[in-house]
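Subject: Structure handover

Hello,

Here is the structure I said I would pass on.

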Amino acid sequence: MTAPTTALAAPPQTGVRRASRALDRHPRVGLAALLGLPLGWLVVVYVVSLGFLLITALWQTDSFTNEVRMEWTLDNLERIVTQDLYRAVTLRTLGAAVLVTLIDVAIALPVGYAMAKVFGPRARAALVIAFLMPLWASYLVKAYAWRSIFIEGGLLSSLGITPGFGEVATIVTLAYIWLPYVVMPIYAGFERVPDSLVEASSDLGARNLRTFAAVVLPLMYPAIIAGAIFSFSLTLGDYIAVRIVGGSTQFLGTLIYDNVGVAGNVPMAAAVALVPIVVILLFLLAVRRTGALRNL
Amino acid sequence: MRISKPVRATFVAIVALALAFVYVPLLVVLVNAFSTSQALAWPPRSLTLEWWGRAAANAGAWQAVGTSVVVALCATAIALVLGTLCALALDRFEFFGKEAVNLLIVLPIALPGIVTGIVLNNLFRTGLGLTLGLGTLIVSHATFCIVTVYNNAFARLRRLNGNLVDASADLGADRFTTFRLVTLPQLRSALFAGALLAFGLSFDEIIVTQFTAGPGVTTLPIWIFQNMFRPGQAPIVNVVAVVLVIVSIVPIALAQRLEARAEQR
């Protein structure tokens with residue numbers, strides 16, 4: 001170690017040193033220097049553009065050139081509220097999001113409970129990895145996997161089940177893709193339920209089911225909602241899986257994508273995109289009191 | 001709660017079913033990659049290695065791999081710088097709006113991909129009048145990759161011993177020297193793990209990519225998506241899908257291992 005001896009000599013007054021001293025005296029400058037670049041990036045690229053999306057939803061496109069015209073109109077929003085197509089698609093997407101969430105929670109509750117409370121630590125560690133691993137397997141490949149299962153002549157038709165591509169296939173596929181996002185918070189929630197409470201309940205004579213319903217489940221609400229936030233909001237915005245296994249089914253996501261691409265009507269797409277944003281915000285506001293947001 | 005044998009058996013059965021639900025679809029893709037059928041027919045009549053050779057010789061797929069690697073590397077590099085700066089700032093300073101900054105970092109990944117996609121598409125095209133291309137794609141990917149680097153770096157900084165930084169200052173090192181010789185070496189493995197996650201995230205992303213890449217830029221997920229619907233391409237898509245799963249799991253597994261090892265220390 002030679003550093004101490006060299007440091008004892010009076011350090012040369014280089015520019016770097018002077019800058020360092022200035023930072024010691026003015027910590028705010030240091031903060032600004034650190035945060036300036038990343039915050040500037042995020043604010044410009046994300047916050048400004050989120051606001052800009054709102055504004056664009058109030059603009060219109062030229063019906064001849066498809067160029068965006070910066071003239072204010074409420075037409076886009078009005079169409080979403082009044083036109084049957086938009087209302088039907090919104091309801092269908094919401095329904096699918098609710099169903100996907102119910103399926104995932106129904107699977108995640110017993111699985112999460114088993115992982116946290118039934119099996120030993122070794123099996124638990126293995127199961128955590130087993131359920132987490134597919135989280136990182138490509139989203140696209142997972143949707144494609146279900147395409148090869150639902151396709152005519154594929155795995156399901158070989159079993160004599162032929163729902164084909166459509167809403168059912170979409171819901172199953174989305175439930176599959178978001179399952180790890182729901183299992184993990186619910187498992188973590190069960191982990192946090194103290195065994196002593198469960199034992200006390202059973203000492204007081206409650207049977208297993210009663211203990212689960214009266215003691216464990218109320219403690220689990222935040223974790224369940226945390227999981228539900230994932231499956232619900234991710235389903236609301238999905239369009240890739242819908243394209244891959246949904247046949248001609250329209251979701252909010254496919255409407256947005258078609259309006260940007262095929263139809264070239266960005267203001268309309270922006271207006272449709274506000275629907276999932278508003279729904280998710282309302283959902284988050286509604287569940288904020290349960291403390292679920294701290295479980296994310 | 002005492003768990004009786006039948007209850008235990010029920011749980012074992014449920015978990016086994018859930019595991020089957022999770023892994024059977026992935027196995028179907030794996031088996032199909034060796035199937036002689038061109039139309040995903042099940043069960044496969046016989047097995048072949050032909051598609052692996054054809055996939056390896058597919059110029060389009062390789063080009064897409066190249067594009068994906070370039071995008072993921074650039075996005076990761078930007079995210080590394082921005083994420084580390086954020087982590088240092090939020091670890092060292094207390095300031096008004098800290099929570100908001102935290103939220104802002106997470107937001108691009110917390111909102112559904114389609115929202116991030118349309119928001120960025122609208123900014124680039126309508127707002128700035130840009131033509132979509134490699135540049136806009138890299139900016140978009142970097143934006144949602146910041147959070148992985150930030151999370152890893154911040155968690156590590158929290159665990160670091162502040163005494164070392166103080167000791168370095170006492171010994172006469174200025175802030176920059178301390179960062180270079182004391183903080184950075186301790187941060188290195190966390191940054192590497194964060195970078196791996198960012199790379200994996202970017203490599204695998206399709207939704208934001210479709211909205212911000214423009215028609216001329218084909219990443220690997222876009223290539224798969226386009227070829228999925230083409231008749232006769234299914235076998236090659238299967239092979240590429242298997243490779244993609246392996247390629248995206250390896251960096252994540254590595255990153256988790258690095259983090260686990262760091263926690264043990």
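The notes below go through the chains, then their interface, then some local features.

Please keep in mind that this is a predicted model.

Chain A
Chain A contains 14 helices and two strands. Its radius of gyration is 26 Å, whereas the globule rule gives 19 Å for 296 residues, so chain A is more spread out than a compact globule. Along the principal axes, the C-alpha trace of chain A spans about 85 × 75 × 40 Å. Of its 296 residues, 44% count as buried. Taking contacts in chain A between residues at least 6 apart in sequence, 69% join residues at least 24 apart.

Chain B
Chain B has eleven helices and zero strands, and its pattern along the sequence is accordingly α-α-α-α-α-α-α-α-α-α-α. In chain B, 45% of the 265 residues count as buried. For contacts in chain B between residues at least 6 apart in sequence, the share that joins residues at least 24 apart is 77%.

Interface and core
The interface brings 75 residues of chain A into contact with 70 residues of chain B. On the chain A side, helix H3 (residues 27-56) gives the largest share, 17 residues. By class, that side of chain A has 59 nonpolar, 14 polar and two charged residues.

The largest nonpolar core has 166 residues, and A:Ile256 and B:Ile118 have the most contacts inside it. Leaving out residues up to four places away in sequence, A:Ile256 touches A:Tyr239, A:Ala269, A:Val272 and A:Ala273, and also B:Ile114 and B:Ile118 from chain B.

Helices of chain A
Helix H5 (residues 84-118) of chain A has 35 residues. From first to last C-alpha it reaches 49 Å, close to the 51 Å expected at 1.5 Å a residue. H5(A) has a kink of about 25° at A:Ala108, shortly before the proline A:Pro110.

Helix H6 (residues 121-136) of chain A has 16 residues, which should span 22 Å at 1.5 Å a residue; the end C-alpha atoms are 23 Å apart, so the two values agree. The buried residues of H6(A) are A:Leu127, A:Phe131, A:Pro134 and A:Trp136.

Two places in chain B
The peptide bond from B:Trp42 to B:Pro43 is cis, with omega near -10°. B:Pro43 lies in the loop between helix H1 (5-32) and helix H2 (50-56) of chain B.

Apart from residues up to four places away in sequence, B:Arg156 touches B:Leu187, B:Ala190 and B:Ala262. The C-alpha atom of B:Arg156 is separated by 13 Å from that of B:Gln256, a residue 100 places away along the chain.

Regards

Methods: Residues are numbered from 1 along each chain as its sequence is written. Chains are lettered from A and ligands numbered from 1 in the order in which they are written. This is a predicted model: local features need pLDDT of at least 70, side-chain atom pairs count only at pLDDT 80 or more; totals for chains, interfaces and linings use all residues. Two residues are in contact if their C-beta atoms, placed from the backbone, lie within 7 Å. Helices (H or I, at least four residues) and strands (E, at least two) are DSSP runs, numbered from the N terminus. Ala, Val, Leu, Ile, Met, Phe, Trp, Tyr, Cys and Pro count as nonpolar, Asp, Glu, Lys and Arg as charged, and the others, Gly among them, as polar. The expected span of a helix is 1.5 Å times one less than its number of residues. A residue is buried if 20 or more other C-beta atoms lie within 10 Å of its own, exposed if 12 or fewer, and partly exposed in between; C-beta atoms are placed from the backbone. A nonpolar core is a set of buried Ala, Val, Leu, Ile, Met, Phe, Trp, Tyr and Cys residues joined through C-beta atoms within 7 Å. The bend at a residue is the angle between axes fitted to the seven residues ending there and the seven starting there. The radius of gyration is taken over C-alpha atoms; the globule rule is 2.2 Å times the number of residues to the power 0.38.
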